[in-house]
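I opened my notebook to look up a few features of one structure, and I kept my entries in the order in which I checked them.

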Amino acid sequence: MKFFITGANRGLGLALTKISLQNGGTVFAGVRGIEDAKIEELLELKENYNGNLEIVEIDVQSEESVLSALAQVKEKTKSIDVLINNAAILNERDKSIEELDVEAFKLALDINILGPIRVVKHFLPLLREGENQSILNISSEAGSLTNAYSGDYPYGISKAALNMFSEKLHRYLEDQDMQVLSIHPGWMKTDMGGKNAPLNPIDTAKSIIELTGWKRKVSHQYVFVDYKGEPMEI
């Protein structure tokens, strides 16, 4: 299988890249600013997996950058099978509405929801040429209306929007037998989740990759699920 993964140089994105490669996949690992990003582990993986990993520069805030990344991928392949929109930011934590920086809020919306929209918009034709295709949008329980809480305004609202985008995309593509999921990955030990989180991103990544290629059939009323494919409260 051929994967395109954004935010692939750390945290869950890096774990997804590792597991995809271990399962025999080919990975196009999207990172923002190759010269500035910490990609040492990706470079080591590239050396170890002998051509099965390509590092692709992509800034999901820029449509021009997304198109450039697409061109780079198309130089290597005519199709991809799995698109994972993982790149995201968590900012303005613990800010009250009175304290909220609206420009920072706009940044979160640009990366967390418009970013995946830009990527799907331009990579969908390449995905249509693949097999057993999946689009996995990495969401969060913070995007659940049922479990809404005060604070984390940019993150929660952007993830709620991502869940809606996933649902709309599912309905658009359902007659093309293409899987679309919005996935809550759980609380993980990453830069975003912190050291006190109970989950290891590698274990989460293993479960998420099992959802690709229709290996584990997911059939719920809505496409918002956890990393094991179980339904989340919307």
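Before listing anything, I noted that a residue is called buried when its relative accessible area is under 20%. I also noted that this is a predicted model.

Entry on helix α1. I looked up which residues of α1 are buried, and I found L12, G13, L14, A15, L16, T17, I19, S20 and L21. That makes 9 of its 12 residues, so I wrote the helix down as mostly covered. I then checked the length of α1 (residues 11-22): at 1.5 Å a residue its 12 residues should span 16 Å, and the end C-alpha atoms lie 17 Å apart, which agrees. After the helix comes G24, which has a positive phi, near 90°.

Entry on aromatic rings. I searched for aromatic pairs and the structure holds 1. The ring centres of F4 and F123 are 4.4 Å apart with the planes at 25°, so I recorded the pair as stacked. It joins distant parts of the chain, since F4 sits in strand β1 (residues 2-5) and F123 in helix α4 (residues 102-128), 119 residues apart. Both F4 and F123 are buried.

Entry on strand β6. How many residues of strand β6 (residues 179-184) are buried? I counted 6 of the 6, so the strand is largely enclosed by the rest of the structure. Q179, L181 and I183 cover one side, while V180, S182 and H184 lie on the other. Strand β5 (residues 134-138) pairs with β6 in the parallel sense over 5 bridges, and from β5 the chain crosses through helix α5 (residues 153-173) to β6 in a right-handed β-α-β crossover. On β6, I183 is the bridge partner of I138, and in strand β7 the bridge partner of I183 is V225.

Key
Residues numbered from 1 in each chain as written. Predicted model: local features only at pLDDT ≥ 70, side-chain atom pairs only at ≥ 80, totals over all residues. Heavy atoms only, no water. Phe/Tyr/Trp six-rings, centres within 6.5 Å; stacked < 30°, edge-to-face > 60°. Helix = DSSP H or I, 4+ residues; strand = E, 2+ residues; numbered from the N terminus. Buried < 20%, exposed > 50% of the residue type's maximum accessible area, 1.4 Å probe, protein only. Expected span 1.5 Å × (residues − 1). Pairing = 2+ DSSP bridges. Right-handed = clockwise from strand over helix to strand, strands pointing away.
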